[in-house]
Amino acid sequence: PGEASGVMSELKQLKVKTGVCKRIIKDLEYTRKEIEAQAAKVDKMKADQADTYDIKKQEEVLAEAASTQPQDEERLAKAIEDLNKAVADCRDSPDFDDLKETEEFKAATALLDEQSAK
């Protein structure tokens with residue numbers, strides 16, 4: 001029973017940490033899209049010679065959206081570090097032969113490979 005619970009615990013950690021990374025990646029993608037859309041809106045307002053006050057307010061919205069990106073990137077770096085450690089723990093596990101065939105392990109390593117390719 002001890003071995004099985006160790007494997008289950010490691011799998012649960014992989015699943016949770018992979019999920020955290022995916023969520024932050026999704027947040028970052030949304031933030032990037034929001035920044036692009038807001039920048040386009042500001043450019044259009046300037047081109048249309050909209051009211052300076054309105055442009056200034058939209059530029060503030062853009063700056064606020066852009067300010068969250070470094071925090072999200074930092075969170076992602078930390079989450080990837082945690083996931084890397086969990087994968088390393090699995091590789092060091094006496095149960096690695098069983099672990100490496102699981103969906104959780106494959107999903108975690110695929111996400112890490114995808115992120116290191118960026």
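1. Gln115 counts as buried because its relative accessibility is 13%; buried here means under 20% relative accessible area, exposed over 50%, and partly exposed in between (1.4 Å probe, protein chains only). Gln115 sits in helix α4, residues 103-116, and touches Ile25, Leu76 and Ile80, leaving aside residues up to four places away in sequence. A contact is heavy atoms within 4.5 Å. Helices are DSSP runs (H or I, at least four residues), numbered from the N terminus.

2. Before you read on: this is a predicted model, where local features need pLDDT of at least 70 and side-chain atom pairs count only at pLDDT 80 or more, while totals for chains, interfaces and linings use all residues. Residues are numbered from 1 along each chain as its sequence is written, and side-chain values use heavy atoms, with hydrogens and water left out.

3. On to the rest of α4. Its buried residues are Phe105, Ala108, Thr109, Leu111, Leu112 and Gln115.

4. Now the largest nonpolar core, which has 19 residues; Leu14, Cys21, Leu76, Leu83 and Val87 touch the most other members. Helices α1 (2-47), α2 (52-92) and α4 each supply at least two of its residues. Such a core is a set of buried Ala, Val, Leu, Ile, Met, Phe, Trp, Tyr and Cys residues joined through side-chain atoms within 4.5 Å.

5. Val87 is worth a look too: it touches Leu14, Phe105, Ala108, Thr109 and Leu112, again not counting residues up to four places away in sequence.
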